[in-house]
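The following exercises are to be worked with the sequence and the three-dimensional model at hand. Each task is followed by a solution in steps.

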Amino acid sequence: MLGATGTEMIRLLLLALASAFLTTCGTSPRSSTDFPLSNWSAGTAQDAYYLLAPGDTIDVVIHSAPELSRSLTVAPDGRIRLPLAPSLMVMARTPEEVAADLMTALSDELIDPDLDIVVTGFASQQIFVGGEVNQQGLFDLPGQIDPLQAIIMAGGFTRDARKREVILMRRLPGGEVKTAIVDLSSGLKDPALASWLPLRRFDVVYAPRSRISEQNQFVQQFIRDALPVQFSLFYDVSGGSR
């Protein structure tokens, strides 16, 4: 049996937990603390990268052994194959990361495997728009567009969409997947109030129906299962690439 002092401490602890829960539920998130919306702006140092995808063409230029240089197309499984090296997964990786791995793979065969990766052709630039929109699916980027324009491309919101809590997903170099929450309701009322957050290849724009109480759990439960195969291979919302 607990004494009076112990019972009082437990009561105070439960009151504190209840207060914290109610405060959290009353807060409407607008952006992820670990991925500020400012990082979605064009030209930031963190966004200055290109991730390879199936259908891209690259030139592998081996300076120390020109006869091994090749022009390659990234296969549907995301790999490339080069003589004297095992097949290499390059999907969702930067050309610099691929070059470093190829140099390591060729180090047993070449004394100085100095090489460069040059992207010479790009597969279609696509984004995924899903959730409470009228035409969920993959869309080709017609140029620089923002999340609100992507929603319009997908036929607009359904009546059940939570326009104030639209989720954006982006995969960063190294396999990390970041999310942010944006309020698109003001832009619908007045286009001049819309935030300019340019989308990039393989970004995900998802309009939820229910309130988002916990961002990462929502991504795990709803968005991951909604992604088509191409995007499911590109994303791993647990934190790394597949």
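**Exercise 1. Determine which exposed residues lie on the face of helix H2 turned away from its buried side, and how the buried side is covered.**

Step 1. The face of H2 opposite its buried side carries the exposed residues Glu96 and Thr104. Here buried means under 20% relative accessible area, exposed over 50%, and partly exposed in between (1.4 Å probe, protein chains only). Helices (H or I, at least four residues) and strands (E, at least two) are DSSP runs numbered from the N terminus.

Step 2. The model is a predicted one, in which local features need pLDDT of at least 70 and side-chain atom pairs count only at pLDDT 80 or more, while totals for chains, interfaces and linings use all residues. Residues are numbered from 1 along each chain as its sequence is written, and side-chain values use heavy atoms, with hydrogens and water left out.

Step 3. The buried residues of H2 are Pro95, Val98, Ala99, Leu102 and Leu106. Seen down the axis of H2, these buried residues fall within an arc of 100°, so they line one face of the helix; the arc is that of the directions from the helix axis to the C-beta atoms. An α-helix has 3.6 residues a turn, so residues three or four places apart point the same way.

Step 4. The cover over the buried residues of H2 includes strand E1 (57-62), strand E3 (79-80), strand E4 (88-89) and strand E5 (115-121).

**Exercise 2. Assign the faces and the partners of strand E1.**

Step 1. The covered face of E1 holds Ile58, Val60 and Ile62, whereas Thr57, Asp59 and Val61 are on the uncovered face. In a regular strand the side chains alternate between the two faces of the sheet.

Step 2. E1 runs antiparallel to strand E2 (residues 70-73), joined by 4 bridges; two strands pair if DSSP finds at least two bridges between them. In this pair, isoleucine 58 stands opposite leucine 72.

Step 3. E1 is also antiparallel to E5, with 6 bridges, and isoleucine 62 stands opposite leucine 115 there.

Step 4. Serine 69 lies in the loop between E1 and E2. Its contacts (heavy atoms within 4.5 Å) include Val60, Val61 and Ile62, not counting residues up to four places away in sequence. The C-alpha atoms of serine 69 and aspartate 59, 10 residues apart along the chain, are separated by 7.5 Å. At 26% relative accessibility, serine 69 counts as partly exposed.

**Exercise 3. Give the strand order of the open sheet of 5 strands and identify its edges.**

Step 1. The order is E7-E6-E10-E8-E9, with mixed pairing.

Step 2. Strand E7 (137-140) and E9 stand at the edges with a single partner strand each, so one side of each is left without a neighbour in the sheet.

Step 3. E8 and E9 run antiparallel and are joined by 6 bridges. Leucine 168 stands opposite alanine 180 in E9.

**Exercise 4. Describe the largest nonpolar core and the surroundings of isoleucine 167.**

Step 1. A nonpolar core is a set of buried Ala, Val, Leu, Ile, Met, Phe, Trp, Tyr and Cys residues joined through side-chain atoms within 4.5 Å. The largest one has 22 residues, and those with the most contacts inside it are Ile167, Met169, Val204, Ile223 and Tyr235.

Step 2. Two or more residues come from each of strand E8 (166-171), strand E9 (177-182), strand E10 (204-207), helix H5 (215-226) and helix H6 (229-234). H5 gives the most, with 3 residues.

Step 3. Isoleucine 167 touches, among others, Ala180, Val204, Phe218 and Ile223, not counting residues up to four places away in sequence.
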